[in-house]
Amino acid sequence: MEKGKVGIYAAFVKRILDFSLSLLAMIILSPIYIILIVVGAIAMKGNPFFVQKRPGKKDKYGNEKIFSLIKFRTMTNQKDKDGHLLPDEQRLNTYGKILRKTSLDEIGELFNIIAGHMSIVGPRPLLVKYLPLYTAEQRRRHNVRPGLTGYAQVNGRNAISWEDKFKLDTEYVDNITFIGDIKIIFLTVKAVFCHTGISSETSVTMEEFKGTHTAEVTENA
């Protein structure tokens with residue numbers, strides 16, 4: 001597909017499928033939702049949901065729409081004696097590790113898909129504080145709705161660098177097709193069962209993005 005050109009599938013069909021399939025999935029998974037809500041409330045000693053502001057698709061003015069991402073909580077709110085949250089690896093309990101290993105923490109995002117904040121397939125929604133750090137090319141990942149899974153997730157997930165992840169995101173933005181989305185969904189199922197790319201080499205999740213170095217921007221321009 002020509003760069004920047006939006007096909008019929010991406011413009012119309014994709015949203016219809018997102019809504020229909022997510023609603024069906026929520027109905028089928030309703031018993032699991034109930035279990036996770038009850039067990040999560042016990043394991044996390046409180047709210048089993050994790051809600052955080054994330055940037056979504058750009059509006060007509062070119063600004064990312066901010067929405068509340070919904071996930072099942074995988075880390076406790078344990079704090080040190082000074083009231084600061086403990087490091088991630090200390091707050092990630094056994095229950096949270098199981099959720100991440102099986103990707104069950106992500107199914108809360110089906111609410112976001114039905115609401116129109118997200119898509120089944122698309123660039124993963126990251127933190128709002130990263131917005132000023134993107135290059136113009138990297139920010140193109142917000143030309144489409146963020147996804148429950150994406151091209152970067154089936155090509156390394158948290159085990160690849162930020163720059164490689166963003167390249168895969170913009171590549172997806174320029175090549176959205178029905179067949180491509182189906183392939184990504186099947187590869188996601190495979191990745192979940194194989195438990196690949198859950199963590200980076202140095203963190204239980206993914207290191208914080210601090211911007212692309214000037215030399216890298218020049219090289220990749």
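Is isoleucine 42 buried or exposed? Isoleucine 42 is exposed, because its relative accessible area is 64%, where exposed means over 50%, buried under 20% and partly exposed in between (1.4 Å probe, protein chains only).

**View 1. The predicted protein chain as a whole.** This is a predicted model in which local features need pLDDT of at least 70 and side-chain atom pairs count only at pLDDT 80 or more, while totals for chains, interfaces and linings use all residues. Residues are numbered from 1 along each chain as its sequence is written, and side-chain values use heavy atoms, without hydrogens and water. The chain contains 8 helices and 4 strands; these are DSSP runs numbered from the N terminus (helices: H or I, at least four residues; strands: E, at least two). Their order from the N terminus is α-α-β-β-α-α-α-β-β-α-α-α. Of the 221 residues, 40% count as buried.

View 2. Glutamine 52 stands opposite leucine 69 in β2. The hairpin has 5 residues between its strands, and glycine 62 in the turn has a positive phi of about 85°.

**View 3. Helix α2 and its isoleucine 42.** Helix α2 spans residues 30-43 and includes isoleucine 42. With a relative accessible area of 64%, this residue is exposed.

Key: Two strands pair if DSSP finds at least two bridges between them.
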